[in-house]
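This briefing covers selected local features of one protein model. Please look at the sequence and structure below before reading on.

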Amino acid sequence: MTRKGKIIFGVAIGFAVVSTIVLFLVAKRRKGGGGAKSLLLKSDKTLVCSHIANIDVQGSSKAQNNLRNIQLNLNNDIDIIEMDVQITRDNVPVLFHDSTLNGVTNGSGKIQEKNWSEVSQLRYNKDSSQGIATLADAIQELKKSGKPSIFQLDKCDAGEIQKINSLGLFKGVENQMLCKGQSFIKPASVVEANVMWMPIIPSSYVGKMNTESVIDEIVSKCQGSQFVEAQFSDADTMLIDGTLSDKLNKIGCKLLVVAVGGSSDTNGKSFRGDSQAQWAKMINPMKAGAIMTNRPLELKNYINQSV
């Protein structure tokens, strides 16, 4: 083979190798690839999750899911910001918690029945300076901040996730978007969007998480998920003693415990309440990977002081 022939052959081989690698990575992503990975998943500390973007800092708003509070959460390095997403009649994803606008805003009816032009004019009753924010505006704030914070998108079904992804809103922040659902199995729209997934432990397991076999069954179903939201009772001793968290950590999944609210199906009676006394038990012995709270700064300081 001539020198020129060898060069051409070498270039061809190099191109084939690179092409194979690229095709492999693309195929892996399309199959889910285990989902996006946030930098915060590497943290050994319990992560702080702000409920409906609430934050206990001067200048915060009493309105739910508002843009000012999202900015304050980002400024104060809160790990996870939970927000509720609904989609208007003309397909604009907005942040709103309740099933209707009645009583919460100066409007009435459902988000899904109104166009964005109508929704954008509404104001919260608890803070008339704040209107209903779009998810796009919230994500823009996340990008501008440069922070690794995670947005936990609640009230999103598979179809809504698909709509959001089709609008290109996840682009560039896939590893900071966490969607939640009732099933251990990721919806196809979550796989396609390559965002993180958090199933909720089904109520059928409540009261039964006290044997190794049940714990192992839950862990096996959490493979590929980055978080799992706890539902438990005081009888779920192997969740409460940290066994479930230890096993989840080995597969790269964190247990998120909700400190706000609570019922017999979502928090054991001994664990209800958004207070330092309850946080202490969620951190040890439960070893919660994340705690959802209405007082994220207080919780953050408590965790830092406890380490």
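Asp127 sits in the loop that runs between helix 3 (116-119) and helix 4 (135-145). The model is predicted, and its pLDDT averages 90 over the protein.

**Surroundings of Asp127**
- With a relative accessible area of 14%, Asp127 is buried, because the limit for that class is under 20%.
- Beyond neighbours within four places in sequence, Asp127 contacts Ser61, Ala63 and Arg68.
- Ala63 is 64 residues away from Asp127 in sequence, yet their C-alpha atoms are 5.8 Å apart in space.
- The side chains of Asp127 and Ser129 are joined by a polar contact of 2.6 Å.

**Backbone features in other loops**
- The peptide bond between Asn284 and Pro285 is cis, with omega about 25°.
- Pro285 belongs to the loop between helix 10 (276-283) and strand 9 (290-293).
- Ala53 is not a glycine but has a positive phi, near 65°.
- This residue, Ala53, lies in the loop between strand 1 (47-50) and helix 2 (67-75), and Ala53 is buried at 0% relative accessibility.
- Asn91, also not a glycine, has a positive phi of about 65°.

**Confidence**
- A pLDDT of at least 70 is reached by 86% of the residues.
- Residues 17-34 have a pLDDT below 50, and in the model this stretch makes twelve contacts beyond near neighbours in sequence.

Note on methods
Residues are numbered from 1 along each chain as its sequence is written. This is a predicted model: local features need pLDDT of at least 70, side-chain atom pairs count only at pLDDT 80 or more; totals for chains, interfaces and linings use all residues. Side-chain values use heavy atoms; hydrogens and water are left out. Helices (H or I, at least four residues) and strands (E, at least two) are DSSP runs, numbered from the N terminus. Buried means under 20% relative accessible area, exposed over 50%, partly exposed in between (1.4 Å probe, protein chains only). Contact means heavy atoms within 4.5 Å. A polar contact is a pair of N or O atoms within 3.5 Å; within protein, one must be able to donate a hydrogen and the other to accept it, and residues adjacent in sequence count only if both atoms are side-chain atoms. pLDDT is the predictor's confidence in each residue, from 0 to 100.
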